[in-house]
Amino acid sequence: MRPRSRSIPSSHVCRPDLLDHGESVHHRLRSPCPVRTEGAPLRVVAHSVLSLPVGTVAWFVVALSVIAAFRGLFYGLITDDSYEYSWGGPTLAGAWLVHLVLGLLLVPVAVWILRGIAVLQTGTRRLLGDGGPVWVVPVALILAVAGALLFRSWLHQI
């Protein structure tokens, strides 16, 4: 029988103040990330306003990648026999294969994009007083505007 490990959970390593076992678990987990109190309501509102469009862009990327993957997988069942001039045509097998490969190749690209968005989403905690790089907030604003423009153009093409 292996001895039990006495390791410290990773959340405690990140937050040494959680090692104080005098508090109740409920109190320690209620506020996992302390926020500076001066100007806190304004910072919380700014963080929320910036996080919403960044998170929405992330969900939009997820939706587009799921649509691309499923359309690639089921291209032959979705298409309306106009595959003669589509990518991989003039045969259904060629068009289906090309759409399948492209749809599945876009999934890792979407995961890579989502990883970058997650870094931005985490970095916006700078607005809450956690520190971090200065470039995150302007880049998150640019991403929000670019995501809105992408969504608008996507709506016009469907």
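A: Helices (H or I, at least four residues) and strands (E, at least two) are taken as DSSP runs and numbered from the N terminus. The model is predicted, so local features need pLDDT of at least 70 and side-chain atom pairs count only at pLDDT 80 or more, while totals for chains, interfaces and linings use all residues. Residues are numbered from 1 along each chain as its sequence is written, and side-chain values use heavy atoms, with hydrogens and water left out.

The protein has six helices and zero strands, and from the N terminus its elements run α-α-α-α-α-α. Of its 158 residues, 23% count as buried; buried means under 20% relative accessible area, exposed over 50% and partly exposed in between, with a 1.4 Å probe and protein chains only.

In soluble globular proteins, nonpolar side chains tend to be buried together.

Not counting residues up to four places away in sequence, Ala140 touches Leu50, Val54, Leu120 and Thr124, a contact being heavy atoms within 4.5 Å. Ala140 also takes part in the packing of helix 5 against helix 6, where Ile117, Leu120 and Gly123 in helix 5 meet Val136, Val139, Ala140 and Leu143 in helix 6. Helix 5 and helix 6 (residues 136-157) pack at an angle of about 125°, with their axes 9 Å apart. The axes are lines fitted to C-alpha atoms, for helices over the stretch in contact, and angles run from 0 to 180 degrees between N-to-C directions. Helix 5 and helix 6 are therefore oblique to each other, since angles under 35 degrees count as roughly parallel, over 145 as roughly antiparallel, 65 to 115 as roughly perpendicular and the rest as oblique.

Ser65 lies in helix 3 and is buried, with a relative accessible area of 14%; its side chain reaches the backbone oxygen of Val62 at 2.9 Å. Leu52, also found in helix 3, is exposed, with a relative accessible area of 61%. Leu52 and Ala144 are 92 residues apart in sequence and 8.8 Å apart in space, C-alpha to C-alpha.

Key
Polar contact = N/O pair within 3.5 Å; in protein donor to acceptor, adjacent residues only side chain to side chain.
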